Amino acid sequence: MVTTITIRELLFPVSFLLLLPCEAGANISYPLRFAATLGICYGRVANNLPPTSEVINILKTNGISNVRIFDPDPFTLQSFSGTGINLMTGVPNEALPSLASGTPASALQWLQTNIFAHIVPSQIRYIAVGNEVLLKDSFYSPYLVPAIVNLYQALKMLNLDGTIKLSSPQAASVLSVSYPPSLGAFDPSLRAVLRPLLSFLHETKSPFMVNVYPYFSYTSSRSNQVTLDYALFRSNDMVQDGQLMYGNLFEASLDAVVHAMEKEGFAEVEVVVSETGWPKGGGEAASVENALAYNENVVRRVVGNVGTPRRPGVGIEVYLFDLFDENGKGGDECEKHFGIFGLDGVKAYDLRFNSEN
């Protein structure tokens, strides 16, 4: 059984409680700090992937120094150790109950055994606790925040709480309203977990992580509410939302999340795009040309430090999905075809990750 207790009681002394989250629409109490960062997801649900040593060569050749892996596989972590590549490493959803019901000491043992025994802590940028728990694996929802808190306390024991940030990637569909962005709001049925999560992120200056897929918004849109051009950054029509103008769904989706957090009183929590991409086959509008158009525009906005209309000039940290196709994935056929690189390391399309490659 998971005991209910406030984030503040778990994390901080009473004197720290003076740092309350600001009300929606209030001035931000400290500046948003993220510099634009571009990374890539290294999904491994496949039986034909190249050796990890070749993967690392591909990453280095293309100047990619930030990678998300979805589980702390020992061999994968060992392969990345000493490479200088920073990792976001996942905690599997099924690990949450034991982490939540245990103690900070047992969470420390989990970290030591599953992560730090295989890679130096300085290469771990984030620990992503669960993935899309609230919608994909709701059974684990009650365990999410208690597990995060125990892991945080364990990091504090190691004096790593300032350098390794904890968060939990969520599907963009945790919003019940996303259009227009200013009306963005979280699904009320999820608030019992989302508010404690946001409180933790605020207190520890950690980002809210969201998986953003305009492709699926387009293909599931009814009555052509989302046009292909709007999803692919090539619409000539701007969508006006108050004083702000939107020319693409990616930025509109991010600002809908920002507005939702503001409504909950957490205007200053940053957003990291923990996954985004476009398939190059296997479904409607899935093609090499469209995948290039989408990812190219995402990269351009990250590298150019564009930000979003709601947060102009604030660097966005984005992880493109996916490094390779994953032939073992279930679901729609398109789920298998997000790979930016072929198995031989050659790009499937001419996507430049920075000005030099």
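Which residue in β2 does C41 stand opposite? In the predicted model examined here, in which residues are numbered from 1 along each chain as its sequence is written, C41 stands opposite R68 in β2. Because the model is predicted, local features are reported only at a pLDDT of at least 70 and side-chain atom pairs only at pLDDT 80 or more, whereas totals for chains, interfaces and linings use all residues, and side-chain values use heavy atoms, with hydrogens and water left out.

The strand β1 covers residues 37–41, where strands (E, at least two residues) and helices (H or I, at least four residues) are DSSP runs numbered from the N terminus. Of the 5 residues of β1, 5 are buried, and the strand is therefore largely enclosed by the rest of the structure; buried here means under 20% relative accessible area, exposed means over 50%, and partly exposed lies in between, for a 1.4 Å probe and protein chains only. In a regular strand the side chains alternate between the two faces of the sheet.

Two strands are said to pair if DSSP finds at least two bridges between them. By this criterion β1 pairs in the parallel sense with β13 (residues 317–320) over 4 bridges, and within β13 the bridge partner of T37 is E317. A parallel pairing over 2 bridges also joins β1 to β2 (residues 66–69). Together with helix α2 (residues 52–61), the strands β1 and β2 make a right-handed β-α-β unit, a crossover being right-handed if, with the strands pointing away from the viewer, the path from the first strand over the helix to the second runs clockwise.

Most residues other than glycine have a negative phi, and most peptide bonds are trans. The peptide bond from Y179 to P180, however, is cis, with omega near -10 degrees, and P180 is found in the loop between β7 (175–177) and β8 (185–186). A cis peptide bond also leads from F321 to D322, with omega near 25 degrees, and D322 is found in the segment after β13.

Positive phi values occur at E132, which is not a glycine and has a phi of about 50 degrees, and at K205, likewise not a glycine, with a phi of about 55 degrees. E132 is found in the loop between β4 (124–129) and α6 (133–136) and counts as buried at 19% relative accessibility. K205 is found in the loop between α8 (191–203) and β9 (208–211) and is partly exposed, with a relative accessible area of 33%.
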